[in-house]
Amino acid sequence: MLADGNTSGPGERTDGWLVDTRTSYDTVAGSYADFVRDSLARQPYLRAALALFADLVHAAGGGPVADLGCGPGHVTAHLQNLGVEAFGMDLSPAMVDIARQDHPGLRFEVGSMTDLQLADGSAAALLAFWSLIHIPDDLIPTVLENFRRVLRPGGPVLIGFHVGDQSRLKTEGYGGHPMKVYVHRRRPEQMSAWLRDAGFTVNAQMVFDPDESSPGAVLIAHLTPGN
């Protein structure tokens, strides 16, 4: 989970949103880590998407890959096992603490998507694995502009998200702990349009569990040469 901005819901701005988001994930960090720690073992299609992403990173020459919204670091570690030079960033200090404990050999730091503290062109690739879901629509272009800035020319990006049209306030999270965050579902066509507007070329789209009540999607794109 990695987010920033000042909104408490669609069309409603408040200075408390960032604090609410960080506090919510600090509160559920331990329960969330327990919930997702072995989750990839049960998700073959997501593992396949990550394997494809790793292949694209290798084909582009390798280099540092930022897992933005890394949570407890399980996906960062999975990418490392695929031979990717991955490191993680997350808004929640408690999540980062758990990631460092669970994966002591990897780099994790606290960071924010809309004020991404990475040098221009320093990332070989970027992963946003269900970490844009709390970013309101009007801040997505800002986030993707930061992605464009820090990526090397031609660098791949993978974005995973919930599919749908609704936003809802999540008030209870993992382990029954209180939360106060909005969860935004998006259509792949909308996410693709945002990526193209930010200077990316969309290469692939995968929808998971389309017949279920909560489908997910992955988009793979690369920074268009000259952007």
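**Cores and packing in a predicted model**

Good morning. Glutamine 205 counts as partly exposed, at 45% relative accessibility. On this scale, buried means under 20% relative accessible area, exposed means over 50%, and partly exposed lies in between, with a 1.4 Å probe and protein chains only. The model is predicted, so local features need pLDDT of at least 70 and side-chain atom pairs count only at pLDDT 80 or more, while totals for chains, interfaces and linings use all residues. Residues are numbered from 1 along each chain as its sequence is written, and side-chain values use heavy atoms, with hydrogens and water left out.

Glutamine 205 belongs to strand β10, residues 200–208. Helices (H or I, at least four residues) and strands (E, at least two) are DSSP runs numbered from the N terminus.

Which residues have the most contacts inside the largest nonpolar core? They are Leu126, Leu132, Phe147, Ile159 and Phe200, in a core of 32 residues. Such a core is a set of buried Ala, Val, Leu, Ile, Met, Phe, Trp, Tyr and Cys residues joined through side-chain atoms within 4.5 Å. The elements giving two or more residues to this core include β6 (125–129), α5 (140–150), β7 (156–162) and β11 (216–223). Helix α5 gives the most, with five residues. Beyond four places in sequence, the contacts of isoleucine 159 include Leu132, Leu144, Phe147, Val218 and Leu219. In soluble globular proteins, nonpolar side chains tend to be buried together.

A second, separate core has 22 residues, among them Leu50, Phe53, Ala54 and Ala86. Leucine 79, in helix α3 (residues 74–81), is in contact with Leu50, Phe53, Val84, Ala86 and Leu127, leaving aside neighbours within four places. Its relative accessible area is 0%, so leucine 79 is buried. Is helix α3 as a whole enclosed or open? It is largely enclosed by the rest of the structure, because six of its eight residues are buried. They are His74, Val75, Thr76, Ala77, His78 and Leu79, and they pack against α1, α2 (44–59), β3, β4, β5 (108–110) and β6. Just after α3, glycine 83 takes a positive phi of about 85°.

Helix α1 (residues 17–36) also packs with helix α4 (residues 93–102), at an angle of about 30° and with axes 7 Å apart. Axes are lines fitted to C-alpha atoms, for helices over the stretch in contact, and angles run from 0 to 180 degrees between N-to-C directions. The two helices are therefore roughly parallel; angles under 35 degrees count as such, over 145 as roughly antiparallel, 65 to 115 as roughly perpendicular and the rest as oblique. Among the residues of α1 that meet α4 are Tyr25 and Tyr32.

Those tyrosines form an edge-to-face aromatic pair, 6.4 Å centre to centre and with 85° between the planes. Rings of Phe, Tyr and Trp (its six-membered ring) pair if their centres lie within 6.5 Å; planes under 30 degrees apart count as stacked, over 60 as edge-to-face and the rest as tilted. Tyrosine 25 is buried at 6%, and tyrosine 32 is buried at 18%. Thank you.

Technical notes
Contact means heavy atoms within 4.5 Å.
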